[in-house]
Amino acid sequence: MATETTIFSPELAARFDKLVTLYPVRRSALVPMLLYAQDEVGYISKAVVAEVARRVGVLENDVVSVLSYYSMLRTQPIGKFNVQVCTNICCMLRGGNELFEHCKKRLGIGHKGTTADGVFSLEEVECIGACSWAPAVQVNYDFHENLTPESMDKVLEEYREKAQK
Amino acid sequence: MAYLTTHPDVVPVVSYRFGKGATNIDRYIELDGYKAARKAIEMGPEAVIAEMKASNLRGRGGAGFPTGMKWSFVPKQSEKPKYILVNGDESEPATCKDRLIFEHDPHSVIEGVIIAGLAVGAKMGFIYLRGEYRYLLNIMEKAIEDAYAKGFLGKNIFGSGIEFEAVSHTGAGAYEVGEESALMESLEGKRGIPRIRPPFPAVVGLYGGPTVINNAETLATVPHIIRMGGAEYAKIGTERNGGTRLFCLSGHLEKPGVYELPMGYNLKRMIYEVGGGIPGGRKLKAVVPGGSSTPVLLPEEIDIGMDFDQVGKAGSMLGSGGVVVLDETVCMVEFALRTMRFYQHESCGWCIPCREGTDWLKKSLTRVHAGGGVDKDIDNIQYLAENMLGRTFCPLGDAAAMPTIAFVKKFRKEFEDHLDGKGCPYKHSLQHEAVLA
């Protein structure tokens with residue numbers, strides 16, 4: 001594998017070389033590989049599908065079938081920071097819906113929308129496991145909990161500043 | 001970032017290393033870490049299983065199956081390799097306890113996996129975390145690496161000549177994968193679609209080999225049981241319900257949080273004493289006692305002990321330990337609808353009663369909530385839900401149907417108040433036309 005060309009960084013390629021050897025079958029590495037590839041590339045492009053299929057030893061169709069099942073995997077690029085607002089029951093009871101509405105207004109986009117400058121995407125998501133600290137939001141992989149519309153503004157502002165650096 | 005909340009009634013067993021820096025392996029060892037695994041090697045498989053049976057530990061994922069019994073179902077002789085699989089795909093709404101374990105005490109999970117492996121003769125374990133828990137995956141990966149470096153994992157664990165390998169694994173967003181057979185499919189690199197049983201995983205599981213699948217909290221408890229002895233652990237809880245549980249209190253409470261309390265702890269006390277009661281002096285309307293799939297309880301039904309048997313007797317389930325408190329401002333139709341939106345979104349579509357049932361229930365509940373329902377809709381909702389029960393490959397169908405039946409039965413008047421163009425009588429209620437794509 002190492003001698004073939006790769007679209008991934010040397011670090012990620014090395015990680016994948018190891019990952020497929022950890023399991024009794026190579027295919028077990030498929031879901032983690034897709035997620036890590038998405039972290040680096042931004043989305044699951046056709047080139048990602050092709051290379052992951054080749055590395056795991058399955059058909060590209062198999063990869064597409066699997067990736068369409070998992071809600072975190074996407075086939076289109078999105079904003080730099082994906083704001084995922086939970087509105088499931090525990091968050092709903094503590095203002096999750098209002099928080100989502102607030103984010104929509106503040107960012108000027110809707111569910112699965114991306115801001116024109118490409119900084120933010122917004123998504124209404126199902127339970128993220130922050131029920132006792134509701135309402136909660138995940139920005140990419142980072143949790144923000146016990147939020148109010150005011151503290152949400154601060155969170156968004158922090159990410160906006162990060163994007164400018 | 002996630003933390004345990006304290007209260008005088010808390011009994012720290014699983015949580016006893018939380019907040020003490022136990023992600024560091026040396027600190028973990030200082031705090032009695034990996035003693036249980038060494039002890040289990042000396043005890044041998046049969047004595048370990050006997051100790052687990054004596055502990056009365058029941059699965060913390062939701063079904064409450066006795067752990068020792070589950071382990072004893074694994075055949076001693078097997079041509080195919082055996083596996084241990086940790087279910088850390090914590091996704092049941094209202095459940096946020098495994099997060100604390102991974103964050104504060106990752107080695108307890110690894111130690112639990114090793115002991116389970118010793119008990120059933122498995123040489124490999126997988127720790128599956130939901131994809132959203134990336135920061136926890138990083139913690140787990142580091143912990144596994146450290147355990148290998150110390151010789152606690154590998155070809156010759158603790159110098160005993162026994163081999164045991166552990167691998168951490170990430171999902172990528174799917175509630176359904178928390179179901180044991182879908183979890184195995186996902187780990188094999190496929191869509192998370194449930195398998196028909198029998199054969200059960202203990203006989204034919206991961207890669208076709210006998211497999212023990214336990215919730216993360218269950219396995220994190222195992223080292224404590226081996227260390228303190230099964231009988232001692234059993235004493236903390238109630239009859240047939242040993243030990244403690246991480247209860248996740250959420251919703252309309254002064255002090256929501258995760259608390260470790262003895263099994264059988266009174267639910268009313270949990271809400272009013274531990275959780276600090278309801279803000280603003282508002283009245284209690286309902287309690288969902290064990291995650292979103294468990295039937296709702298009325299205020300007059302909550303003077304019960306929180307163990308699998310007592311909550312079962314009250315007509316609900318202890319489930320995953322997620323206690324959701326609803327005050328008088330909640331529209332129960334909206335709550336039922338939001339619950340159903342979740343199950344409709346997460347249904348894998350493999351079997352028809354669940355795929356079609358959740359979709360029709362979501363549509364019917366949306367219509368009723370918006371005021372477009374007629375009397376017959378309420379009966380139809382109940383009829384649909386009742387006909388999903390027990391007719392699906394996996395429990396997701398039941399998980400969607402059971403709470404719905406309870407919402408309609410216990411709050412029928414509130415459903416009726418929405419009918420014939422009247423719409424939702426609750427002020428703060430949002431319309432659900434814009435559902436998840």
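Me: Which side chain meets that of B:Glu301 in a salt bridge?

Reply: This is a predicted model, in which local features need pLDDT of at least 70, side-chain atom pairs count only at pLDDT 80 or more, and totals for chains, interfaces and linings use all residues. Residues are numbered from 1 along each chain as its sequence is written, chains are lettered from A and ligands numbered from 1 in the order in which they are written, and side-chain values use heavy atoms, with hydrogens and water left out. A salt bridge is a side-chain nitrogen of Lys or Arg within 4 Å of a carboxyl oxygen of Asp or Glu. At 3.0 Å from N to O, the partner of B:Glu301 is B:Lys410.

Me: How many salt bridges does the rule find across the interface of domain 2 of chain B and domain 3 of chain B?

Reply: An automatic or database domain assignment sets the domain bounds, and in chain B domain 2 covers 244-327 and domain 3 covers 332-416. Across the interface of these two domains of chain B, the number of salt bridges found is 2.

Me: What area is buried between domain 2 of chain B and domain 3 of chain B?

Reply: The size of an interface is often given as the accessible area lost when the parts come together. Buried area here is the accessible area (1.4 Å probe) that two parts lose on being put together, summed over both. Carbon and sulfur atoms give 73% of the area between domain 2 and domain 3 of chain B, and the total is about 1000 Å².

Me: Is A:Glu51 buried or exposed?

Reply: Buried means under 20% relative accessible area, exposed over 50%, and partly exposed in between (1.4 Å probe, protein chains only). A:Glu51 has 4% relative accessibility, so this residue counts as buried.

Me: Which side chain makes a polar contact with the side chain of A:Glu51?

Reply: A polar contact is a pair of N or O atoms within 3.5 Å; within protein, one must be able to donate a hydrogen and the other to accept it, and residues adjacent in sequence count only if both atoms are side-chain atoms. A polar atom of the A:Glu51 side chain also lies 2.8 Å from the backbone nitrogen of A:Ile7. The side-chain partner, at 2.6 Å, is A:Thr6.
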